Amino acid sequence: MYSVLIVDDERFMREGIAKILPWAQLNVGRVDTADSGMTALKKMEEHMPDLVITDIEMQHIDGLSLIQQMNQCNPEMRIIVLTGHDDFAYVQQCCRMEVQDYLLKPVDEEKLAEAVDKQIQEIGRKRTEQVKKQVIDRVHGYRELVFREQIFREYLASGKRTQEIHQALAEAGYLPGEELLVALLTTEGNPGEEWEDKKELLDFSVKSACVERVETGRDGLVFQDQEGALVFLLFEGEEHCQPKVLMDEIWKLLQDEYDLAISIYYGESLASFLEIKKSYQLLRMQWKQDTDDVVSLAKKYIKEHLGENLSVTELAAQYYLSVAYFSKLFKKTVGVGCNYYIFEKRMEKAKQLLSGKKQRVSQVAGEIGYNDVNYFSLSFKKYTGLSPAEYQEQQLNNTEDTKK
């Protein structure tokens, strides 16, 4: 639905137009009126109309002056002029000011409705064209980003395509002789529930926000590496935003918008773009060391708390990670899933307890976190092929045979 502002110092004229035209049929959802040019300009500050119907002869600000100021405020706004003068000079002046239609008073209701409909149709057509252009530009821009990302990934993997890397940097605002800095941003945090099952959409949204902030200001460029981390190539010239100031802005933006736990790693200032790969590799090593530390801490916690109610959800929360990310990280580092690792450690601890002094099976089950003895017995037999009692008996017999 569109909006219309009617400007006329004659009350019966502006209110008559506001009441008499079939606005709903014309796809107009809002109709405002103003009794002078000054009032019209104030109303435009509150709400910019799509179409203005204005008289030319008014006090304080005449219609032509109003049209000039309205065009300055919004060149896209459509204007229909109403006048009592059948004067060719007026018509010429209105044409020069890009007025879309010119009607003589007294205004014929049908002709005015036709004029409004024509302008509304034209507004709709232009908006449709604009939306199509935006979609085409976005698709084109997205394709360019994907292609550029492929080039940078290949460069980081093999060191090839340096000429294309230099060209991409130059197009982004990099000047010869400027220093640049590599930064790595990871989002290992626990996003809100609305993003829990939309990881790809979240990654795309975060990347888009970073690209917009960095590349709009020509302060660097951003791409995603093979592991999903965002790589920032930031320019350090005087005309650019300082890298760490810029990254602080991005950190706050992502915190506020997505509530993510974000890690940012900074490389050293580089004298040449040819050093990007080495700087990136050092940052990847630092990131890997930090993630390895998380898994080491988790393994230590599991060992010390086997008798408690352990869960992947609890462990992930301790390190402020999402369950999905923690599980993926743990399996990638250890080679098995976290749940199976806990199960395996409990079974090995049970074997150790059943091999020592004779204990009741229920006591062993409790010491490794099983409240249900039957469930423990089934789990133990699945792991060893023997029930806890059979395994304990076997170990006792082995010990006696050793003594003989």
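## A parallel sheet around E4

Strand E3 (residues 51-55) pairs with E4 in the parallel sense over five bridges; two strands count as paired if DSSP finds at least two bridges between them. This is a predicted model, in which local features need pLDDT of at least 70 and side-chain atom pairs count only at pLDDT 80 or more, while totals for chains, interfaces and linings use all residues. Residues are numbered from 1 along each chain as its sequence is written, and side-chain values use heavy atoms, with hydrogens and water left out. Helices (H or I, at least four residues) and strands (E, at least two) are DSSP runs, numbered from the N terminus.

Asp55 has Leu82 as its bridge partner in E4. E4 also pairs in the parallel sense with strand E5 (residues 101-104), over four bridges, and Val81 stands opposite Tyr102 in E5. Six of the six residues of E4 are buried, so the strand is largely enclosed by the rest of the structure. Buried means under 20% relative accessible area, exposed means over 50%, and partly exposed lies in between (1.4 Å probe, protein chains only). Arg78, Ile80 and Leu82 point one way from E4, Ile79, Val81 and Thr83 point the other way, and all are buried.

## Arg78

Arg78 lies in E4, which spans residues 78-83. Is Arg78 buried or exposed? Arg78 is buried, with a relative accessible area of 12%. Leaving aside neighbours within four places in sequence, Arg78 is in contact (heavy atoms within 4.5 Å) with Asp50, Leu51, Val52, Gln100, Gln119, Glu122, Ile123 and Lys126. Val116 is 38 residues from Arg78 in sequence, and the two are 9.6 Å apart in space, C-alpha to C-alpha.

## The whole protein

The protein has 15 helices and nine strands. Of its 404 residues, 41% are buried. Among contacts with a separation of 6 or more, 65% are between residues 24 or more positions apart.

A search of the whole structure finds zero disulfides, a disulfide being a pair of cysteine sulfur atoms within 2.5 Å. Cys73 is partly exposed, with a relative accessible area of 48%, whereas Cys338 counts as buried at 4% relative accessibility.

E7 and strand E8 (residues 230-235) run antiparallel and are joined by five bridges. Gly220 stands opposite Leu234 in E8. The hairpin has five residues between the two strands, and Gly228 takes a positive phi near 95° in it.

## The nonpolar core

A nonpolar core is a set of buried Ala, Val, Leu, Ile, Met, Phe, Trp, Tyr and Cys residues joined through side-chain atoms within 4.5 Å. The largest one has 25 residues, and those with the most contacts inside it are Leu169, Leu180, Val182, Leu184, Leu221, Leu233 and Ile276. Helix H5 (109-158), helix H6 (162-171), strand E6 (180-186), E7, E8, strand E9 (263-270) and H9 each give two or more residues to this core.

Leu221 is in contact with Arg148, Phe152, Ala168, Leu169, Ala172, Val214, Glu215, Val231, Phe232 and Leu233, leaving aside its neighbours within four places in sequence. Arg284 lies in helix H9 (residues 276-304) and counts as buried at 19% relative accessibility. With neighbours within four places in sequence left aside, Arg284 is in contact with Leu184, Asp225, Glu227 and Ala229.

## Helices with a buried side

In H6, Ile165, Ala168 and Leu169 are buried. They cover an arc of only 100° around the axis, which puts them on the same side of H6; the arc is that of the directions from the helix axis to the C-beta atoms. Exposed Gln163 and Glu171 are on the face of H6 turned away from its buried side. Gly173, which follows H6, has a positive phi near 115°.

Helix H2 (residues 37-46) has Gly37, Ala40, Leu41 and Met44 buried. They cover an arc of only 95° around the axis, which puts them on the same side of H2. The face turned away from the buried side of H2 carries the exposed residues Lys42, Glu45 and Glu46.
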